[in-house]
Amino acid sequence: MLNPQRSLSELPKMSAASQVERAVLEEEFNWLLKEEVHAVLKQLQDVLKEASRRFSMPTPGLESQLKQENFILGSSTMDQVKGVLTLQGEALTQADINLKVAKSSQVLHFQFREDKQWKLQQIQDARNHVNQALQLLNSRDESYHFQTGAEVNKLMDAVMLQLTRAQNRLTTPASMTMPELATSGLMKMFTPPMPGDVMVNFYINLSKLCLTVYQLHVLPPNTTKNFKPAGSSVLHNPGAMFELNNNRFEVSHVHKVECVVPWLNDTLVFFTISLQLCQQLKDKISVFSSFWNYRPF
């Protein structure tokens, strides 16, 4: 460890070769701060603009209107559930669902009321995080001169935080308890109204739009001994129990159907590319910072 009392003249002299090396490295680092950082920021802006555009694809000729897309839901469980969902940006504007009731040949048909649409909060949040990342990048235009590596890293960390949050919103659906699902606004969306023994949930998982249908049966009042309320989950399994309005229910059947939304897949690819660009720039900064530990890179 260096003795702070020693004078600078006592410290080893820097060799001519190391002085030249340092001068070259300093020149390279200054070029990195002035030129390459802005080239990477431009790349990031281009990629994230494409991601943002996917979240709000306008109808050709009608720039103010979002394109409506229909998705057909199929099921691997003996076609118990079939449906068509209409997605317009972040909103489900129509859902047409057929449910074949277990233990009978009855088919129930539900669709959204005409005055209702269901906002998919995951898409809304992911889009907001992308736009926040773009705002951060726009705050440093080409005329801005970064002074230190630490300044670049701080910007990259802030952008990566927004991108990671956007990514997580699409890859990690919200957990819900069964009573939360039963009392959510989604149950009031349908005509005819959902019967008391059927519940549904919509969510995004990666690039898939998922629909889960739960069929329930009421437990007799004397089931106190074995009654264990289920906790919060994205997908509840048969046998899950819950209590609502002094009634106790058990999930008897679960049907999950899904469809791929291609533009969601695009956005996830754009997130991955952007995060890699940010990390690569941070790695380049760190190469230089190891040469000048005394400088605030």
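A: The charged end of R140 sits over the ring of Y144, 4.6 Å from the ring centre, where a charge sits over a ring if NZ of Lys or CZ of Arg is within 6 Å of the ring centre and within 35 degrees of the ring normal. A second case is R248, which lies over the face of F227 at 4.2 Å from the ring centre. These values come from a predicted model, in which local features need pLDDT of at least 70 and side-chain atom pairs count only at pLDDT 80 or more, while totals for chains, interfaces and linings use all residues. Residues are numbered from 1 along each chain as its sequence is written, and side-chain values use heavy atoms, with hydrogens and water left out.

Over the whole structure, a search finds 6 aromatic pairs; rings of Phe, Tyr and Trp (its six-membered ring) pair if their centres lie within 6.5 Å, and planes under 30 degrees apart count as stacked, over 60 as edge-to-face and the rest as tilted. Y144 and F146 form an edge-to-face pair, with 5.0 Å centre to centre and 80° between the planes. Y144 counts as partly exposed at 28% relative accessibility, whereas F146 is buried, with a relative accessible area of 1%; buried means under 20% relative accessible area, exposed over 50% and partly exposed in between, with a 1.4 Å probe and protein chains only. F242 and F249 form a stacked pair, 5.2 Å centre to centre with 20° between the planes. Here F242 is buried at 2% relative accessible area, and F249 also counts as buried, at 11% relative accessibility.

On a 1 Å grid over the protein atoms alone, a pocket is an open set of points with protein on both sides within 12 Å along at least five of seven lines, a cavity is a set of points where a 1.4 Å probe fits but cannot get out, and lining residues have an atom within 4 Å of a point. Grid points are joined across faces, edges and corners, and a volume is the space filled by probe spheres set on the points.

Strand 7 (118-119), helix 2 (121-138) and strand 9 (198-205) each supply at least two residues of the pocket lining, and strand 9 gives the most, with 3 residues; helices (H or I, at least four residues) and strands (E, at least two) are DSSP runs, numbered from the N terminus. By class, the lining of the largest pocket has 8 nonpolar, 4 polar and 2 charged residues, where Ala, Val, Leu, Ile, Met, Phe, Trp, Tyr, Cys and Pro count as nonpolar, Asp, Glu, Lys and Arg as charged, and the others, Gly among them, as polar.

The count of cavities of 30 Å³ or more comes to 2, and the second largest cavity has a volume of about 30 Å³. M176, T177, L181, N201, Y214, S233, V234 and H236 line this second largest cavity, whose lining has 4 nonpolar, 4 polar and no charged residues.
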